[in-house]
Protein chains: 2
Amino acid sequence: MNRIITIGREFGSGGRELGRRLADELRCAYYDQEIVAEIAKRTELAEEYVQRIIEHKPVVSFPIHIGKSFQVLPDPLREQEQSVYRQQCAILTELADQSDCVIVGRCADYLLRDRSPFRFFVYAEMESKLARCRAKGAEHEKLSDRELIRSIRSVDAHRAEYYGFYTDQKWGDRRNYDLCVNTTRLDLKKAARGLAALCGE
Amino acid sequence: MNRIITIGREFGSGGRELGRRLADELRCAYYDQEIVAEIAKRTELAEEYVQRIIEHKPVVSFPIHIGKSFQVLPDPLREQEQSVYRQQCAILTELADQSDCVIVGRCADYLLRDRSPFRFFVYAEMESKLARCRAKGAEHEKLSDRELIRSIRSVDAHRAEYYGFYTDQKWGDRRNYDLCVNTTRLDLKKAARGLAALCGE
């Protein structure tokens, strides 16, 4: 069975960079945005739209009461979400079958649980996340610190809701991971080398 | 400033062994039971008694209402606890001043916070903790699995209470640590090597 490493991460914690560096150290494949692109291709939805679906809490359809009978009305949005989720499962399984890999986000720790992935969760203190977002530049330039903090919290809240909805587990709860890494005081290059030694063959 | 590494750990998670191996890898001092022995010496209490105080929630003295006046009665048990805690603080500071070191337990992550220690929390799934306790042998031999699980939970509950009382932080909450390590599927020798590379100079 291939060696699968999954990375859950708080927004701005450097989880992506750590994941990419880890994949480099382990000389294995790295998947992140590629998964969204592939879902978009298969569902014929725009990549941005798929991204939005993935990072938001799914819509729940309730039966609607008409007269004395209950009836579930077709809900196109809900159907799209389900389709995105189904494709996500299929793609993750295909990738995990192909080779050793590092997968960022997408509930991969849960969806690939029968393959015993090594599950990281990457987090950081708010000050550090703020600094990392600022360093990334353009995207957040116009936001005040307060607005940026609100935006960081909002992304994480949506990730937590999405993860909770599909896995019935608490996002970021250390019991669901093999290693939780606080990047606040870490040099990511050095950390990746150490973590590769720890979870590699 | 010396490099200080602190290790909080669930009972049976292998935190001590990981700490010792980490100190070996980093060629630095390792303190665990030595601290209890030193407290016992300084407070003139038995080592077992100090250990019991350290692993239990402290007694809180409430003012006692006599007639119309409030009065705090002297409480020898509470005074002993305070004395043990004061000695613990003093000893940890002395050790941290001496050289680089790994310190297991004793709220060291919090007590030495002005020296920015690298803070580990070591945990594991119950099945793994059970197996580790069984492998250690004699001490738990007579307990059924159910009794042993109850005993593991009880030790951890006391650690959490003690830590919470003195630090006002939640024991095992990843936000209070730099790295949380689930040892369930790890080889401790290999893990120590990787973690040393990660947090060493």
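Six salt bridges are counted between chain A and chain B in this predicted model. One of the salt bridges pairs A:R185 with B:D178, and the closest N and O atoms of the two residues are 3.1 Å apart. Polar contacts were also examined across the interface of chain A and chain B, where 19 residue pairs, both members at pLDDT 80 or more, were found.

On the side of chain A that touches chain B, the elements giving two or more residues are β6 (118-123), β7 (179-182) and α8 (188-199) of chain A. Of these, α8(A) gives the most to this side, with six residues. By residue type, the side of chain A that touches chain B comprises 14 nonpolar, five polar and nine charged residues.

Chain A and chain B each bring 28 residues to the contact. The area buried between the two chains is about 2300 Å², and carbon and sulfur atoms give 46% of this area. A:R174, A:R185 and A:L198 supply 28% of the area that chain A buries against chain B, which is more than any other three residues.

β7(A) is joined by three bridges to strand β7 (residues 179-182) of chain B, and the two strands run antiparallel. Within this pairing, A:C180 has B:C180 in β7(B) as its bridge partner. The strand β7(A) is also one of the elements that give two or more residues to the side of chain A that touches chain B.

How values were computed: Residues numbered from 1 in each chain as written. Chains lettered and ligands numbered in written order. Predicted model: local features only at pLDDT ≥ 70, side-chain atom pairs only at ≥ 80, totals over all residues. Heavy atoms only, no water. Contact = heavy atoms within 4.5 Å. Buried area = accessible area lost by both parts, 1.4 Å probe. Salt bridge = Lys/Arg side-chain N within 4 Å of Asp/Glu carboxyl O. Polar contact = N/O pair within 3.5 Å; in protein donor to acceptor, adjacent residues only side chain to side chain. Helix = DSSP H or I, 4+ residues; strand = E, 2+ residues; numbered from the N terminus. Nonpolar A, V, L, I, M, F, W, Y, C, P; charged D, E, K, R; others polar. Pairing = 2+ DSSP bridges.
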